[in-house]
Amino acid sequence: MLAGWWIGSSLLQANVTLLLLILSVLAAIVALLFARMATNYVLEPVRMLWQAILHVSPEHADAPAPNLQTAKVGHELINSLVLQVYQLASNSGKPADKAQIDNVAVAIASSLPLPVFVMDRNQVIMYVNDTAAKYVGVPTNELMGKNLYSTLDLAFSTTDTFDSWLADAKAKTLTSSRVWEHVRLKLPSRQEMLQFDMAAYYNKENPANVETIMVLFDHTKRYGEADDENGMLELAVHELRTPITLLRGYIEVLDDELKGKLDPQMASFMQKMQVSAAQLSTFISNILNVARVEANQLVLQLHEDTWDSIVRTTVHDLGLRAMVHNKTIEYTPAANLPTVAVDRVSVYEVLSNLLDNAIKYSPDGQKILVHTSLTNDGLVETTIQDFGAGIPANVLPHLFEKYARNYHNQKQVSGTGLGLYLSKAIVSAHGGNIWVRSKEDEGTTIGFTLQPYSMLAAELKNSDNKDIVRGAYGWIKNHSLYRK
Amino acid sequence: MDESVSVTPPLPPIPVKRVLFIEDEHFISELYMHTLSKAGYNVKVVFDGLEGFNEAKTNAYDIILLDLMIPSMLGIDLLKRLRAEVPDLRAKILITTNLEQTKEHRKEIEDQADGYVIKAEITPRQMVDFLSHLA
C-alpha cells in the first residue's frame, strides 16, 4: 500500500512540472509580444526624430521624411521637435539672410525693457527702441538722425565721460566696452532729472555702420533720494538765513545810530559782530553752493564785467574783516585789463573765500597783497598773497579737494576746506584755472585766471540766450562747451 | 522808529520814490522800513500776498520789493498776475528772498522781475545802494 502511494505520488509530480514548464513558455511569448508592442509605441517619436535628422542630413539625402501623422504617442511634441530640426537645418545649410538677421536684432531690441541707443561713427543716432523714446519723452522719429550730444545732455560724476571713453576707444582700439554709474540727464520734456547707470559698447569694424550701442539702467528713484537730502539742505539754509538777515541788519542799524557815541572798545565789539555775522552768511552760502556743485545744480550766468570793480568791492567788503584781525589788504590793479566774462556773485564768492583764508592764516599786523595782471595767454590773473605760516607740503596736493582740511591736518590748518573746493569749481566753470604756491613759514600765494570777455564773445553770438550759461559742476558734462 | 520815518530828506534831486515792500517777516520789514525811510524813500509795507497784489495794481509805486514766501498768494504768482493784468506797470520789481530756487524757477522769476537778491547776503545799507542803481 505504501508502494502504491509512492508510485501514484511520482506521477502527479511529473505532471505538475510539465504544466509549469508550459506556462513559463507561454508567459515568455506573451511578454515578448507585449514588449514589442510597447517598443513600437514608446520609441516611435524617437525613431521619427532620428528619421527627420537623417532626412535633412546631406550624407543621407535618400532617407525619407518621417510620416508625422502616424505618431501615436506625443503627437504634438514630435511635430514640434521635427519642425525645429528642419528650421535648424535650413539656417545652417545656407548663409544667413542679412535682412532676416536685422529683423531679429530689431525685434530683440524692441522687446527689451531697457532704453537702447545705437549710434554711427559720427555719433548720429541710427536707432532707438520704444523704451528709450518713452524714457526720454521724445518720439522715436525725433531722436533718429540727431547727434547724440545735441540730443542727450549727459552729465557724469567723474571726468571719465562717455565722450572721453569714445574718443579714446576710436583712437586706440577696435572694440571697447564701458559701464558708468550714476549718470544724469535733464530733458526739457521731463520734469524730473533722469538718473541711471549706463553701459556702452564700441565696435570700429562693424560693417553695418553701427559703431556704438548704449544701454541705460534707470535708477532715478534711488539716486533721487540723495537729491531730496539737498532739498532739505536748501530748506535748512532758508531757515538759517532769516535770522542772519536780521542779525546783520540790526547790527548795521545800531552801528549807524551809535556812530561816535561808543568808546573804542565798544566800537571794536560792534565791528567784530558785523564781521562775524557776515562770515556766517558766507559760510551758509558756501555749504549750499557746495551741495549744488555736487548735485550739478549750480548754474552760472556769465556777463561782461569790469574785473577791477569786482575786486575793489570785495577788497572793500573784506577790509573790515581784515581790520578787526589787525591785518590790511593792499590791492594793486593792472592797468588796461580787458573786460571779463563772469558771474558776478560767484566770482565775488571766490575772491571772498580766498581773502578770508589769507586773513585767517596771516600773522597779526601783516599785509595781504592782491594783484591783477594779464598773462601771456591773454587771461586775466588775480593773485592773493599772504605772509603766514604757509601750507604743509602734505596738504598742498589735496588743497582744492572737498574737506582737504580734515582731522588729519586740522591742527596744521583750520577751517572746513569747503571754500577752496568751491572756488575751484567756480573758476573752472568760468574756463579758468586756480593754483597755489606755498612755503612753510614764508606764506602762500593763490592765483586764478579768468577769460576775457572777447574770448567768449563768439560763443555768446552763437547762443540763443543773452547770457553764457555755465554749470559749476562737480558733475562733468559729456561734451564740454570748451571743447573745440 | 516813527521819528525816523518822518525824517525829511534834504531836498532830493529827484522826487521821493515810493516803495511797496511785500514781506511777511515783521522784523525784516521793520528793518528795511527804517533804513529805506532814512534814505529818503516813502515805504509802505504789506504782510500778505493778496493785499500786496491789490496794492501793486494801483500802479502808485516806483519800486516793489517782493518776498516769495508770503501768505495768501505766493510771490511768483503775484508777479505773474501783475505782469498779466498791469502790462504798463511803472514800478521796478525786485525779488527779495532767502529761498533758493532751482535754475529753471530762478530763470522764470528773473525773466519777469528787474532784480533778485538774497536778503541774507546784503545789508539794508547795501539794499539802499542797490536801489539807487535800479534805473
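User: What average pLDDT does chain A have, and what share of its residues score at least 70?

Analyst: Chain A averages 78. The share scoring at least 70 is 71%. The scale, pLDDT, is the predictor's confidence in each residue, from 0 to 100. A contact means heavy atoms within 4.5 Å. Residues 406-413 of chain A also stay under 50, but have nine contacts beyond four places in sequence.

This is a predicted model: local features need pLDDT of at least 70, side-chain atom pairs count only at pLDDT 80 or more, and totals for chains, interfaces and linings use all residues. Residues are numbered from 1 along each chain as its sequence is written, chains are lettered from A and ligands numbered from 1 in the order written, and side-chain values use heavy atoms, with hydrogens and water left out.

User: Which residues make the nonpolar surface patch?

Analyst: A:Leu18, A:Leu19, A:Leu20, A:Leu21, A:Ile22, A:Leu23, A:Val25, A:Leu26 and A:Ile29 make it. The patch covers about 860 Å². Patch residues need over 30% relative accessible area and no salt bridge; like charges are joined within 9 Å, and nonpolar side chains (Val, Leu, Ile, Met, Phe, Trp, Tyr) within 5 Å. Areas come from the Shrake-Rupley method with a 1.4 Å probe; for residues, only the protein chains shown count as cover.

User: Why is A:Ile29 called partly exposed?

Analyst: Look at its relative accessible area, 44%. Buried means under 20%, exposed over 50%, and partly exposed in between (1.4 Å probe, protein chains only). The value of 44% falls in between, so A:Ile29 is partly exposed. A:Ile29 lies in helix 1 (residues 2-56) of chain A. Helices (H or I, at least four residues) and strands (E, at least two) are DSSP runs, numbered from the N terminus.

User: How do you know that strands 3 and 4 of chain A pair?

Analyst: Count the bridges. Two strands pair if DSSP finds at least two bridges between them. Strand 3 (residues 154-156) and strand 4 (residues 175-185) of chain A have two and run antiparallel, so they meet the rule. A:Ala155 stands opposite A:Arg184 in strand 4.

User: What does strand 5 of chain A pair with?

Analyst: Strand 5 (residues 194-203) pairs with strand 4 over nine antiparallel bridges. There A:Ser176 has A:Tyr202 as its bridge partner, and A:Ser177 stands opposite A:Tyr201. Strand 5 also joins strand 6 (residues 212-218) by seven bridges, again antiparallel. In that pair, A:Ala199 has A:Val215 as its partner.

User: Why is strand 5 of chain A described as largely enclosed?

Analyst: Eight of its ten residues are buried, so the rest of the structure largely encloses strand 5.

User: What makes B:Arg125 and A:Asp255 a salt bridge?

Analyst: The rule asks for a side-chain nitrogen of Lys or Arg within 4 Å of a carboxyl oxygen of Asp or Glu. Here N to O is 3.7 Å, so the pair qualifies. B:Arg125 lies in helix 6 (residues 124-133) of chain B and A:Asp255 in helix 8 (residues 220-258) of chain A, so the bridge joins two chains. B:Arg125, at 37% relative accessibility, is partly exposed. A:Asp255 is at 14%, so it is buried. Over all chains the count is 19 salt bridges.

User: Where do A:Lys360 and A:Asp356 lie, and is each buried or partly exposed?

Analyst: Both lie in helix 11 (residues 344-361) of chain A, four residues apart, about one turn. A:Lys360 is at 38%, so it counts as partly exposed. A:Asp356 is at 10%, so it counts as buried.

User: Why does the bridge between B:Arg83 and B:Asp114 count as tying parts together?

Analyst: Their closest N and O atoms are 3.5 Å apart. B:Arg83 lies in helix 4 (residues 75-85) of chain B, and B:Asp114 in the loop between helix 5 (103-112) and strand 5 (115-118) of chain B, so the pair ties together parts 31 residues apart in sequence. Both count as partly exposed: B:Arg83 at 28%, B:Asp114 at 35%. Elsewhere, salt bridges with shared partners join A:Glu252, A:Asp255, A:Asp256, A:Lys259 and B:Arg125 into one network.

User: How many helices and strands does chain B have, and what share of its residues is buried?

Analyst: Chain B has six helices and five strands. Of its 135 residues, 48% are buried.
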